[in-house]
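Take a look at the model below.

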Amino acid sequence: MPTQRIFAAGGTGPVPRGCMHTMTSPYVIATLLFYAASLALYIWNLREPSRAAGVGATSCLVAGLCLHYLALLARSRLIHAVPYDDLFGSLSLFAWLLAATYLCLEAIHRRRAVGPFVLPIVLVVFLLAHLPEARPVKAPPAQGPLFAFHVTLNILAYSAFAISFVLSVIFLVQNRRLRDHKLGIVGWRFPALDVLERMTRSSVLIGCVSLAAGMTAGLIWAHRLEGQYWDGDPKVIVTVMILVVYVGYTLLSRTAAWRGARASALCIFNFLFVVFSYSIVNRYLSHFHRYF
Amino acid sequence: MEIVLIGLNHRTASVDLRERVAFTPEQAREAAEQLRSRGILEESLVFSTCNRSELYGVPRENATDSAGALELFVASFHQLSLNELDGSLYRHRDSHAVRHLFRVAAGLDSMLLGEAEILGQVRDAYQIALDRGETGPVLNRMFQAALEVGKRVRSETELSTRPMSVAFSGVKLAERIFGKLNNHRALIVGAGATSEQVVRHLCDRGIKQLRVVNRTPEHAVDLAARFGGEVVPWENLAAALDWPDLIVTSASVREPILTRGIIERAMAARGNRAMLLIDLGVPRNVAADAADIYNTYLYNIDDLSEIVEQNKKARVAEIPRAEAIVDEQIEKFLHWQAGVAAAVVLGDLRKKLAAEREAFVQERLASMSHLSGEDRAQISAMLQEILDRVILTPAERMRGIPELRRKLQNFEAIRDLFRLDREKP
């Protein structure tokens, strides 16, 4: 059995005894409320589009993001480490980046119809991250901007892939409805198939670039620390696989045989690798990486 | 500040009568001018479209039966007898007239529910009247509010967004697949009336390029020339299919001219990029099994008709939301109107009390010869001060509290109470 060598960035101050339930934090409660309000307004806007509901949904999301940032900060102070130092902190950061990436996408494409499908993921992940008690961690040896860069970029990549997953699901549903002539009332409110395809490609591109940059930063950091780039950790292999399958998607989605629904199905399939990496690999297989 | 409206529309009058009562732009200007010069109205606006002719106005103060006078005017202007108009004209006053205009601007009173053009027509009619100085503060405010209602209803509800014709439904479907059409190309097969409608909508939505193919080349040339398209010879139809993203067919044929094989070859040649086929022909121009080809979307006339039916129901479902916007804007307008009326009445009241004070001082001080000029001036100033306190405090409250203005909507009661009209200073 490999030696457990866990590295994380973080503080070096004294480790407080005991633990604390973060769900009682006012920032967490307020974030939850704003995310929930945002979701409700996005759904309302999809059912009965109105400027008030749309602007309200986006405003609540922005407020939720600000409060979520404060919640992350509070959590870091509590456990004396950066937010991604344990699985739950990393999940919380993932939820924050997912919401932020979606907000950027909404601002660029000026479409709110995808919000009702992204916000539930943000809410569930945020809840999962903050339900358990936050335990202070031991002072870790891994720290510095390069390491922080590595982790944040990798989590950003996963958020972008999560968005592309949601967009691909919407594409497949919308495509099926258009082919079956069953667009219904809500079907007219979703972005055009072409727009969904472009949004998916941009998300995947953001994910690939972030992942490549994050991996590079991680390899350099590992070399500085241990004198070698890789010591056989399965997490690295799985992450390279994720990069390969998403680059594959980017190339295939423009070919005659794959463009359209097939590319979207491929994008959905690719996201299984991300889920696998985030769950099984993080929890049971990796001996070098912890929760990112 | 009475508002009066008379008019007729597609619900109240036959097309024959509507034609006779319609105002050309020249006539509308002339009528509005006459209404003011004859002293019937202080502010006037004539609004006439193919489905309605309406006269909006603010009558002179103390005018009686302005609506009757307007009816007489319409009859004489169009050389009709009152009997011919009987039962076809509707009359509305004040808030009812405002509601009517707001509903018209919202598209709620149109023959085609949620019609988009009506808002532009209201805007044009108002702009012309404004430029000619025919409107005043009341009609200006009323028409500006109506334009806001129209805009809000179109942006906050789906009353006008859903296509209500087969041709427009096809174009909107294309937008569900391709997004904006300014980067896409269309091929029109057949140059009949339906094709022309589709082409018109495609051009309105900014289609990048257009080609027309027809058995009779002259018709294709004519249609292409009118909309800036190119003509493709009928013999080259199959070869031209890899070029467009959208194909609209309405040719008169016995068998489908676009078979599965032909479409498959076209799709292969265009690298499987998505293609929308809108088949408006009966018998159908495109083989039904072409719908199974990867990345093609095939809609025939029945599919589009079904979409139109669904959209009609969806528009009807939007009526309560549009009516709520109308109600909200009427409330705002009435608040404004009450505020203006309050200011006018209070101004008149102040003038009347000042005159009363002057008469009172003259009468009572005449017998007090022992008072100096300075004393007399002081007494007069004190009386003025007490009157100002009595009047100014409620006036300030009236200006500041809309709820109070709403409660006191009928300012005519105050006018009558103080006999402001009979004894104007």
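This is a predicted model: local features need pLDDT of at least 70, side-chain atom pairs count only at pLDDT 80 or more; totals for chains, interfaces and linings use all residues.

Residues are numbered from 1 along each chain as its sequence is written, chains are lettered from A and ligands numbered from 1 in the order written, and side-chain values use heavy atoms, with hydrogens and water left out.

Visitor: How many aromatic pairs are there over all chains?
Guide: Rings of Phe, Tyr and Trp (its six-membered ring) pair if their centres lie within 6.5 Å; planes under 30 degrees apart are stacked, over 60 edge-to-face, the rest tilted. By that rule, the count over all chains is 16 aromatic pairs.

Visitor: Is the pair of Phe269(A) and Phe273(A) stacked, edge-to-face or tilted?
Guide: Their ring centres are 5.8 Å apart.

Visitor: Why are Phe333(B) and Trp336(B) about one helical turn apart?
Guide: Helices are DSSP runs (H or I, at least four residues), numbered from the N terminus. Both residues sit in helix α13 (residues 319-365) of chain B. They are about one turn apart because their separation is three residues.

Visitor: Which ring lies under the charged end of Arg262(A)?
Guide: A charge sits over a ring if NZ of Lys or CZ of Arg is within 6 Å of the ring centre and within 35 degrees of the ring normal. For Arg262(A), the distance to the ring centre is 3.7 Å. The ring belongs to Tyr294(B).

Visitor: What area is buried between chain B and chain A?
Guide: Buried area is the accessible area (1.4 Å probe) that two parts lose on being put together, summed over both. Carbon and sulfur atoms give 49% of it here. The total is about 2,200 Å².

Visitor: How many salt bridges cross the interface of chain B and chain A?
Guide: A salt bridge is a side-chain nitrogen of Lys or Arg within 4 Å of a carboxyl oxygen of Asp or Glu. Glu48(A) and Arg321(B) meet in a salt bridge, at 4.0 Å from N to O. Across the interface, the count is two.

Methods
Helices (H or I, at least four residues) and strands (E, at least two) are DSSP runs, numbered from the N terminus.
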